[in-house]
Amino acid sequence: MKQLFTLLVLLSTFYQSNAQTTAVNPSIKTSKAVLDDFMDQRFGMFIHWGPVTLRGTEIGWSRGTNVPVQDYDNLYKEFNPVLFNADTWVKTAKEAGMKYLTITSKHHDGFCLWPTKFSDYNIMNSPYKKDIVGELAKACKKYNVKFCVYFTVLDWHDPNYPIHLPDGKNADPKSDIHKFIATMKSQLQEIVTQYHPYMLWFDGNWESPWKNEYGADLYTFLKKLDPNVIINNRIGASQGGEHPKLTEGIIGDFATPEQKIGELNMKNPWETCMTICQQWAWKPNDNLKTLKECIQTLAKTSGGNGNLLFNVGPMADGRIEQRQINRLKEMGDWLAIYGESIYGTKGGPYKPNEIFATTRKNNKLYVHIFDGKSADVILPALEGVKVNQAYLLKGSKINYSQNTDGSIVLRLPEHLPNADDSVIVLELNTNAERI
Ligand code: FHN
């Protein structure tokens with residue numbers, strides 16, 4: 001009996017301590033005010049870049065698959081992006097209407113785009129010898145774009161990380177995950193104290209060596225360095241399957257649906273990450289998304305109350321492809337007219353669909369019309385809501401009626417101003433954000 005009791009005490013102690021180490025002290029979590037500011041930005045640039053662009057294959061994932069490991073790991077010796085200009089990249093983001101920029105400081109291939117003291121596998125040992133991360137941080141400050149950093153918790157190049165190839169299964173017995181984490185913390189301390197990122201975008205949390213308690217410890221460590229740094233939900237161990245929502249026990253400040261528009265969620269912050277082409281890193285002749293896809297993705301993301309982190313893959317010489325720049329400029333031109341219906345708005349109250357999405361701010365409900373084919377768009381009734389007036393944003397009045405059940409009928413003009421997304425403003429008898 002005594003042995004059984006001892007065993008029960010040991011087990012409960014183990015589980016209690018384990019539970020404690022996988023949770024984060026609520027008092028250090030990012031404040032609502034900081035997260036609200038992040039969600040008001042709505043639109044950011046993601047950049048996946050590294051020596052692999054010399055091959056035009058996928059960053060990290062092509063190491064040991066499309067490109068032999070030996071070749072891949074020596075690409076940095078040829079990497080000399082002499083046409084890289086941080087101001088040009090940041091101005092491209094700004095002209096696209098993007099409010100923040102996230103650079104892959106270190107992706108799964110382990111190559112570091114800043115002069116870290118904790119790994120020789122970094123940009124200063126390439127022919128280029130300049131601090132890419134630092135240059136971008138400076139340019140973001142100059143052009144008032146929020147600077148953010150992507151960092152992976154898996155590193156197939158580092159001998160202390162147990163797995164050395166994409167989808168590798170057998171942990172290397174010569175590896176040492178605790179030394180790996182110590183190096184990671186030193187590198188993150190460099191990044192946070194030298195470049196002061198607005199947000200840290202973690203990735204790579206799905207492989208077996210990464211434990212939830214490592215993520216809890218890392219979140220706590222980072223918050224001691226900067227209590228206001230925003231951290232995504234890929235710092236704790238993945239719960240399997242798609243990148244998780246922000247449910248109980250998930251460590252991080254916002255959810256990260258990938259290559260798809262997240263679901264309408266008025267409670268927990270989320271940000272969709274998506275490629276403007278198909279590959280994250282640059283690939284010759286990759287499929288570029290149409291302007292309709294780009295604008296409607298942004299509108300539906302905002303309509304779902306989320307942000308869009310839209311990815312470009314710069315080329316090996318340091319330039320972003322002109323066709324990607326042109327597409328982003330077209331998005332910026334749309335936002336120059338309709339940005340009021342995106343930035344600083346809330347999503348909902350309707351679930352985005354193929355006909356329309358809605359965003360809202362104060363007493364205004366913005367109806368994003370994606371398909372002007374039908375003469376009318378009918379919005380289901382909203383309790384206690386009356387429409388006082390309706391008009392095209394920056395345009396003429398819209399005929400409308402409200403049925404006895406409260407549903408709203410918008411009579412679309414024969415020609416809408418924008419085939420991809422024309423925005424109708426409904427001025428309501430109440431604060432639209434409280435519906
Ligand atoms: O493996 C990475 C991938 O290369 C890319 O960085 C995306 C961006 O969200 N994240 C991982 C796949 O989920």
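Q: Where is the place of Pro 349?
A: Look in the loop between S8 and S9. Helices (H or I, at least four residues) and strands (E, at least two) are runs in DSSP, numbered from the N terminus. Keep in mind that this is a predicted model, where local features need pLDDT of at least 70 and side-chain atom pairs count only at pLDDT 80 or more, while totals for chains, interfaces and linings use all residues. Residues are numbered from 1 along each chain as its sequence is written, and side-chain values use heavy atoms, with hydrogens and water left out.

Q: Which residue does a cis peptide bond join to Pro 349?
A: That's Gly 348, and omega of the bond is about 5 degrees.

Q: Which residues other than glycine have a positive phi here?
A: Asp 167 is one of them, with phi near 60 degrees. You'll find Asp 167 in the loop between strand S3 (146-152) and H6. Asn 362 is another, with phi near 50 degrees, and it lies in the loop between S9 and S10.

Q: How do I read the order of the 5 strands in an open sheet?
A: Go by partners: two strands pair if DSSP finds at least two bridges between them. In this sheet the order is S8-S9-S10-S15-S12, with antiparallel pairing. Strand S8 (346-347) and strand S12 (387-392) are the edge strands, and each of them pairs on one side only. S8 and strand S9 (residues 356-361) are antiparallel and share 2 bridges.

Q: What is the order of the open sheet of 3 strands?
A: It reads S11-S14-S13, again with antiparallel pairing. Strand S11 (376-379) and strand S13 (399-402) sit at the edges with a single partner strand each, so one side of each has no neighbour in the sheet. From one strand to the next, the twist averages 15 degrees.

Q: How many bridges join S11 to strand S14?
A: There are 4, with S14 covering residues 408-411 and the two strands running antiparallel. S13 and S14 are also antiparallel, joined by 4 bridges.

Q: At what angle do helix H6 and helix H7 pack?
A: Two packed helices are described by the angle between their axes and the distance between the axes. For H6 (residues 177-195) and H7 (residues 212-225), the angle is about 25 degrees and the axes are 11 Å apart. That makes H6 roughly parallel to H7. The cut-offs are under 35 degrees for roughly parallel, over 145 for roughly antiparallel, 65 to 115 for roughly perpendicular, and oblique for the rest.

Q: Is the crossing of H6 and H7 left-handed or right-handed?
A: Right-handed. A crossing is right-handed if the near helix is turned clockwise from the far one by less than a right angle, and left-handed if anticlockwise. The residues that meet include Ile 181, Met 184 and Leu 188 in H6 and Leu 218, Phe 221 and Leu 222 in H7. By class, this contact has 10 nonpolar, 3 polar and 2 charged residues. Ala, Val, Leu, Ile, Met, Phe, Trp, Tyr, Cys and Pro count as nonpolar, Asp, Glu, Lys and Arg as charged, and the others, Gly among them, as polar.

Q: How do the axes of helix H4 and helix H5 cross?
A: The axes of H4 (residues 86-95) and H5 (residues 132-142) cross at roughly 50 degrees and come within 9 Å. That makes H4 oblique to H5, and the crossing is right-handed. Among the residues that meet are Trp 89 and Val 90 in H4 and Leu 136 and Ala 139 in H5. The contact has 6 nonpolar, no polar and 3 charged residues.

Q: How is the protein divided into domains?
A: Domain 1 is 2-341 and domain 2 is 348-434, with bounds from an automatic or database domain assignment. Their centres, taken over C-alpha atoms, are 36 Å apart. Domain 1 gives 16 residues to the contact and domain 2 gives 24 residues.

Definitions and conventions: Axes fitted to C-alpha atoms, helices over the stretch in contact; angles between N-to-C directions. Contact = heavy atoms within 4.5 Å.
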